Every structure is written in C-alpha cells, then in structure tokens.
Amino acid sequence: MLDKYKREINYLRVSITDRCNLRCVYCMPKEGLSLIGHDDILKYEEMLRIVRIARKLGIVKVRVTGGEPLVRRGVADFLAELGTLGLEDISLTTNGILLETFAERIRSAGVGRVNVSLDSLDPQRYARITRGGDLAAVLRGLEQAERVGFSPIKINVVTVKDFNDDETVSFARLTLEKPYEVRFIELMPIGGEKGSDDKYVSNDELMERIGRVGSLHPVESAGGRQTFGGPARRFRLVGARGVIGFISPISHNFCHACNRLRLTADGGLRACLMIDGEIDLKGPMRKGCSDEELEQLIRQAVMSKPRGQCTDAAAEDRSRRKCAREMSTIGG
Ligand code: SAM
Ligand code: SF4
C-alpha cells in the first residue's frame with residue numbers, strides 16, 4: 001500500500017495489551033495507569049482478522065508489543081496463529097522479565113526476532129528506572145534467547161538524562177563481547193512522569209561520547225549502503241561482535257521513510273505515533289462489518305498518514321502535535 005506521499009506501508013505494530021509487570025519512569029506514572037477494561041481490549045481472533053486483511057493489502061512485517069506482551073495469557077498460541085498468516089517477519093518487543101520462560105515457545109511459534117528493553121546494567125539502578133524490575137531475570141532471558149537461536153537480539157536503551165546517560169559507554173562496550181544490537185533511543189515526550197522534558201539527551205551527544213573510546217564504523221548492507229535496519233543508524237566498534245544503533249525520533253526524525261501503522265490494544269488503527277487521530281476498528285468489527293469494510297478502514301488509515309510529525313501543516317499546530325495516548329497502549 002502506498003500512502004499519499006508514496007511511502008510503502010508494509011509494517012504493522014500490534015499492541016496486544018496495555019498491562020505491564022513494570023512501571024518504567026518515562027513510560028508510566030508511579031501509580032500505574034487506568035487500564036483499558038477487559039472487554040475493550042481486542043480479542044486475539046479480532047487481532048488476527050485485522051492482520052489477515054492487512055496482509056492482503058501488503059503488510060508483510062508485524063511486531064507484537066504492549067504494555068508487556070508476555071503478560072497476556074495465551075500469547076504463545078496467538079503468536080503461533082500469527083505465524084500461519086504468511087507474513088515475512090514476526091518480531092516481539094519485551095521488557096525481558098519473562099523471556100527466560102517464554103523464549104523457546106515464542107521461537108517455535110515462529111517469532112524471528114526479539115527486542116529487549118534494558119535501560120541499565122546496574123541492578124539497583126535498573127530497579128529504580130523500572131520501579132522494581134529484576135535485572136538478573138532480564139539477563140537470564142537474554143541468555144536463553146541467544147540459546148534458542150534468536151538472531152539478531154536487539155537491546156533497546158532509552159536514554160534519560162542524569163538517570164542512565166552515564167552508562168552509554170558500558171552499553172556500547174557490551175557489543176564487544178556479545179552479538180547484540182544495542183540501540184539507543186531518544187526519549188520522546190509521551191507518557192511517564194510529567195516535567196520530563198529536560199531529561200532528553202540527543203543521540204549525537206551519545207555518539208560523541210562513544211567516539212571518544214573507540215571509532216564507530218558504519219555498518220554496510222550487502223548492497224554497499226549503510227543499513228538502516230528500520231530507522232536505526234548502525235555502527236560497529238572495531239573487533240565488536242555486535243552492532244550499535246541510534247534511533248533518533250527527535251533529533252533526526254525518520255518520517256520521510258515511515259512504513260508503519262499501529263494497532264492499539266483497544267482496536268484503534270493509528271497512522272502516526274506522535275500525532276493523535278485513530279480509526280476505530282473494534283466498533284465496526286463488533287457490529288459485524290465485512291472484510292471489505294475493514295479493508296476500506298485500513299486503507300483510510302494509510303491515506304491519513306501525515307507527511308511527518310514536524311513537517312505537516314496539521315503538525316505545525318503544536319496543539320495537534322502530541323500524543324494523548326500512553327505509550328503502553330500504543331506499544332512504542
Ligand atoms: N513492555 C515492552 C518493552 O518495554 O519493551 C513493550 C512496550 S514498550 C511501550 C516499547 C518500547 O517503547 C520500549 O523499548 C520502551 O523503552 C519504549 N518507550 C516507552 N516510553 C518511551 C518514551 N517516552 N520515549 C522513548 N521510548 C519509550
Ligand atoms: Fe512496561 Fe515497556 Fe512501558 Fe516499561 S516501557 S512500563 S516495560 S510497557
């Protein structure tokens with residue numbers, strides 16, 4: 001499917017739950033969130049129906065996310081069903097707390113790649129950032145993911161000023177020993193505690209810090225160009241087993257290359273992470289709409305994709321350039 005700006009839309013991110021077993025400071029308030037009612041969360045079969053139709057329209061990649069996807073009951077069976085839909089790529093984003101238990105099952109269900117969110121390599125600090133998370137469980141999950149053959153294993157690090165930005169070099173050094181792709185993600189003004197605007201650190205600054213301890217060499221694709229692996233700019237330290245990626249939605253937004261739609265846990269199809277406006281799929285489905293009608297709604301979402309979070313006329317109106325949703329209902 002091409003959108004108005006001739007971008008090929010072939011990627012759908014599906015948030016299967018807004019529930020989470022952690023409360024990361026930049027994602028959720030301390031007290032948690034008022035959760036979506038059980039009946040308002042899409043059922044697995046409703047999600048599968050949407051993916052099946054989206055597949056016909058050209059969606060070939062699906063990422064399952066949350067909230068924390070591994071806390072939703074029946075997730076392994078859902079992933080196995082997803083695996084029968086003829087997609088080229090199924091991946092999962094998780095905080096890794098339950099990965100040790102699930103790695104084997106989700107691998108055999110057909111998930112090719114996992115991204116694990118991990119913001120600190122220090123157990124106490126990790127517990128503070130996540131408000132109670134157990135770093136050792138995540139590290140065991142990563143080991144198990146490696147053992148059962150996930151490749152690549154990506155580690156998402158959101159940098160928060162004065163909280164974990166001093167660990168940039170340690171994370172970069174992790175790629176010397178481990179075949180991981182460590183990706184630094186710029187903090188976005190969505191969710192979490194209020195007043196966190198001054199917690200942003202740009203990826204250019206992180207690149208400079210890493211550059212002081214070792215040169216970063218662009219990772220080339222088979223075709224000789226830099227591989228962006230989605231929106232990431234990717235590099236390798238000399239002799240490293242793994243790769244370092246920078247995802248910079250704030251300092252170098254990648255809207256011009258955006259290829260994605262997002263399905264929220266309660267059935268909203270979202271054309272842009274940062275600009276509100278969703279097409280409700282749950283209501284029509286529960287009123288018995290046909291596949292053709294659903295197809296039309298998906299096309300409508302594609303055609304409503306803005307040119308960019310900062311470039312569209314609508315987005316220039318700052319009151320519309322915001323995300324009223326919490327990240328945990330959209331899935332990042
Ligand atoms: N619970 C899973 C996890 O943490 O990986 C999946 C859902 S989480 C919302 C998806 C990703 O969004 C995580 O990598 C998380 O770090 C990131 N994220 C959440 N809030 C963010 C924010 N305000 N800015 C940047 N990334 C954020
Ligand atoms: Fe939960 Fe993921 Fe949000 Fe952390 S980032 S609170 S793990 S949904």
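Mentor: The largest cavity in this predicted model has a volume of about 30 Å³. The structure holds one cavity of 30 Å³ or more. Rolling a probe the size of a water molecule over the atoms shows where empty space is left. The lining of the largest cavity is made up of D119, V157, T159, N164, E167, T168, F171 and F184. Two elements, β5 and α6 (168-177), each give two or more residues to that lining. By class, the lining divides into three nonpolar, three polar and two charged residues.

The strand β5 also takes us to ligand 1. Together with β3 (89-94), β5 (153-159) supplies residues to the shell around ligand 1, at least two from each strand. There are 19 residues around ligand 1, and those that come nearest are Y26, G67, S117, M188 and I190. Sorted by class, the shell around ligand 1 has ten polar residues, seven nonpolar and two charged.

S117, one of the residues that come nearest, has a polar side-chain atom 2.5 Å from an oxygen atom of ligand 1. From E68, a polar side-chain atom lies 3.3 Å from a nitrogen atom of ligand 1. In T94 a polar backbone atom takes part, at 3.3 Å from an oxygen atom of the ligand. Taken alone, ligand 1 exposes 550 Å², and the protein buries 95% of that area.

Ligand 2 has its own set of surrounding residues: C20, L22, R23, C24, C27, G67 and N95. G67 is also among the residues that come nearest to ligand 1. The shell around ligand 2 divides into four nonpolar residues, two polar and one charged.

Now the backbone. S151 and P152 are joined by a cis peptide bond, with omega about -5°. P152 sits in the loop between α5 (135-147) and β5, the strand that also contributes to the lining of the largest cavity.

The phi angle of D162 is near 60°, a positive value in a residue other than glycine. D162 counts as exposed because its relative accessibility is 64%, and the cut-off for that class is over 50%.

R131 also has a positive phi, near 55°, and is likewise a residue other than glycine. The place of R131 is the loop between α4 (123-130) and α5. Is R131 buried, exposed or partly exposed? R131 counts as partly exposed, because its relative accessibility is 24%; that class lies between the buried limit of under 20% and the exposed limit of over 50%.

Last, look at K6, in the segment before β1 (11-15). With a relative accessibility of 66%, K6 counts as exposed. K6 and H256 are 250 residues apart along the chain, and their C-alpha atoms are separated by 9.8 Å.

Methods. Residues are numbered from 1 along each chain as its sequence is written. Chains are lettered from A and ligands numbered from 1 in the order in which they are written. This is a predicted model: local features need pLDDT of at least 70, side-chain atom pairs count only at pLDDT 80 or more; totals for chains, interfaces and linings use all residues. Side-chain values use heavy atoms; hydrogens and water are left out. A residue is near a molecule or strand if one of its heavy atoms lies within 4 Å of it. A polar contact is a pair of N or O atoms within 3.5 Å; within protein, one must be able to donate a hydrogen and the other to accept it, and residues adjacent in sequence count only if both atoms are side-chain atoms. Accessible areas come from the Shrake-Rupley method with a 1.4 Å probe; for residues, only the protein chains shown count as cover. Helices (H or I, at least four residues) and strands (E, at least two) are DSSP runs, numbered from the N terminus. Ala, Val, Leu, Ile, Met, Phe, Trp, Tyr, Cys and Pro count as nonpolar, Asp, Glu, Lys and Arg as charged, and the others, Gly among them, as polar. On a 1 Å grid over the protein atoms alone, a cavity is a set of points where a 1.4 Å probe fits but cannot get out, and a pocket is an open set with protein on both sides within 12 Å along at least five of seven lines; lining residues have an atom within 4 Å of a point. Grid points are joined across faces, edges and corners, and a volume is the space filled by probe spheres set on the points. Buried means under 20% relative accessible area, exposed over 50%, partly exposed in between (1.4 Å probe, protein chains only).
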